[in-house]
Amino acid sequence: MAAVVQRGDFILGKSLKEFEAEFAQASGVNYGVGVASGTDAIALGLQACGIIEGDEVLVPANTFIATVIGVIQAGATPILVDCDRHTALIDLNLAAKAITPKTRAILPVHLYGQMVSPKALLDFAQAHNLIIFEDAAQAHLAQREGYMAGSVGMAAAFSFYPSKNLGAFGNGGMLITSDQEVAQRVQTLRNYGAPKKYYHTEVGKNSRLDSLQAAILQVKLPHLSQWNQLRNQAAQIYDQGLKSGRDNKVVPMTNLAQEGHVYHLYVVRINEASSMTREQVQDFLKEKGIQTGIHYPIPCHLQPAYKSLGYQLGDFPQAEMLCEQILSLPMYPGIKSEDIAWVVEQISLI
Ligand SMILES: Cc1ncc(COP(=O)(O)O)c(C=O)c1O
C-alpha cells in the first residue's frame, strides 16, 4: 500500500497490472481484468463475450441476486433454472428444457465454493451451441475434474468482496479469460469505453479495481491455496461430525469436488425430519454463541424487483425448498476443530 501511495498510480497502476497477471495465472488462464465488483465483472464480461439485448442467458434460481443483475445490466434476459437439491448447483437437465432459439449462454454459479461439473458443462454447451460464462465469485482457485474455476468457459467473473475467500479491503472484482479480444474489450468497457485516452469506441463505464485494493490482494493471493485447504479440512470435520449424529435432521450439502471444493460457505439443510424450524435452530445456536447465516433466504424469482421476469411461487421447487431449509455454519480458514466439535454437539441437541 505504501508503494502505491509513493508511486501515486492509484488508477490502473503497477499493482493492478501485476495482480491481474498473477490471479489469471493462478486460475489457469491468460488474462485478468480488474473491475470495481463481481457484479460488474459479470455485466461487462457478458457484453465482451458478445451477449446483446434480446439474448437469453440461463442462470440458476438460487444464487446471489448479483448474478441476475449482471445479466440484466448486460442487456440480456435471465432465464432462471432450478437446482439440484443435494448440491444446490444448477440442474443441467432442467437447463436443457429452458433453451429457446434466443438462448446464447449459460451462466453457471460455482455456489458455496463448489464448481458445477466442468465436463457436464462443456458437453451441455457444445450440444446446445452456447457460451459458458462462469460466476466464480465464491470459488477462487476451486477445482473439479482437473479444471480450475474460471477456466472452463469463455470467461468468468470473480468478486473480491471482503468476506470472499480472497477478499479486498472494500469492493473489487475481476474478469478472467484466455480470449485476448474479450480481455481487451473489458479493459475498454471498464475505462469509459476508451481503448486510448479520450477516444471512446464503446459506451463504457467507470469500473476499475483500485491499485490499492490490488496491492492488498497481491499480498493475500500467495496464501489463498492454504486458506482454501483449511476451509476444506474444516468442512470434512463438520461432515464427519454431522454424519455420526443420531439422525439426519441436519444434512450437509453434498461435496462432489472433494479437495477442489473451497467452501466459501459450509451449508447444511435443516430437513423435514427436524422438529425445529430453521429459524428456531438459528435462535438456539445464537443463544450458544454460534452465529449462522442464510445464503439465501429468498430465491431470485420471488424477489420483488424481478416480478417482471414473470415467475411465481412453485416455479423452482428445489430452490424454494433450499431457501427455507439451508443454514450456513461458521466457516473460515483456521476455525479450530474444537470449535467445530462444539457446533456439531449443539446441533445434535436440536
Ligand atoms: C455468486 C455471486 N455472484 C456475484 C456476486 C457479486 O459480487 P460483488 O459483491 O463483488 O459485486 C457475489 C458476491 O457478492 C456472489 O456471491
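A polar contact here is a pair of N or O atoms within 3.5 Å; within protein, one atom must be able to donate a hydrogen and the other to accept it. I note this before going through the entries. The model is a predicted one.

**Entry: Asn 165**

I started with Asn 165 and looked up its side-chain partners. The side chain of Asn 165 has a polar contact with the side chain of His 264, at 3.0 Å. The side chain of Asn 228 is another partner, with a polar contact to the Asn 165 side chain at 2.9 Å. I then placed Asn 165 in the chain: it belongs to the loop between β8 (155-159) and β9 (173-177). Buried or exposed, for Asn 165? Its relative accessibility is 5%, and buried means under 20%, so Asn 165 counts as buried.

**Entry: Lys 164**

I looked up Lys 164 next. The loop between β8 and β9 holds Lys 164. The relative accessible area of Lys 164 is 15%, which is under the 20% limit, so this residue is buried too.

**Entry: the ligand shell**

The space that the ligand takes is the largest pocket.

**Entry: atoms facing the ligand**

- Asp 135 has a side-chain N or O atom 2.7 Å from a nitrogen atom of the ligand.
- Gly 38 has a backbone N or O atom 2.8 Å from an oxygen atom of the ligand.
- Gln 138 has a polar side-chain atom 2.9 Å from an oxygen atom of the ligand.

I then looked up how much of the ligand is covered. Taken alone, the ligand exposes 380 Å², and the protein buries 93% of that.

**Entry: backbone geometry**

Most residues other than glycine have a negative phi, and most peptide bonds are trans.

Which peptide bond is cis? The bond from His 295 to Tyr 296 is cis, with omega near 15°. Tyr 296 sits in the loop between α10 (278-287) and α11 (317-325).

Tyr 112 is not a glycine, yet its phi is positive, about 65°. I found Tyr 112 in the loop between β4 (103-106) and α6 (118-128). Its relative accessibility is 4%, so Tyr 112 counts as buried.

Glu 145 also has a positive phi, near 50°, and is a residue other than glycine. Its place is the loop between β6 (143-144) and β7 (147-148).

**Entry: distances across the model**

Ile 176 is part of strand β9. With a relative accessible area of 0%, Ile 176 is buried. Ile 176 and Lys 307 are 131 residues apart in sequence, and their C-alpha atoms are 32 Å apart in space.

Pro 195 lies in the loop between α7 (180-189) and α8 (211-220). Its relative accessible area is 47%, so I list Pro 195 as partly exposed. The C-alpha atoms of Pro 195 and Asn 129 are separated by 30 Å, and the two residues are 66 apart along the chain.

Asn 93 is in helix α5 (residues 92-97). Its relative accessible area is 60%, and exposed means over 50%, so Asn 93 is exposed. Between the C-alpha atoms of Asn 93 and Tyr 266 the separation is 26 Å, for residues 173 apart along the chain.

Conventions. Residues numbered from 1 in each chain as written. Predicted model: local features only at pLDDT ≥ 70, side-chain atom pairs only at ≥ 80, totals over all residues. Heavy atoms only, no water. Areas by Shrake-Rupley, 256 points an atom, 1.4 Å probe, with all protein chains shown as cover. 1 Å grid on protein atoms, 1.4 Å probe; cavity = no way out; pocket = protein on both sides within 12 Å on 5 of 7 lines; lining within 4 Å. Sits in = over half its atoms within 2 Å of the grid points. Helix = DSSP H or I, 4+ residues; strand = E, 2+ residues; numbered from the N terminus. Buried < 20%, exposed > 50% of the residue type's maximum accessible area, 1.4 Å probe, protein only.
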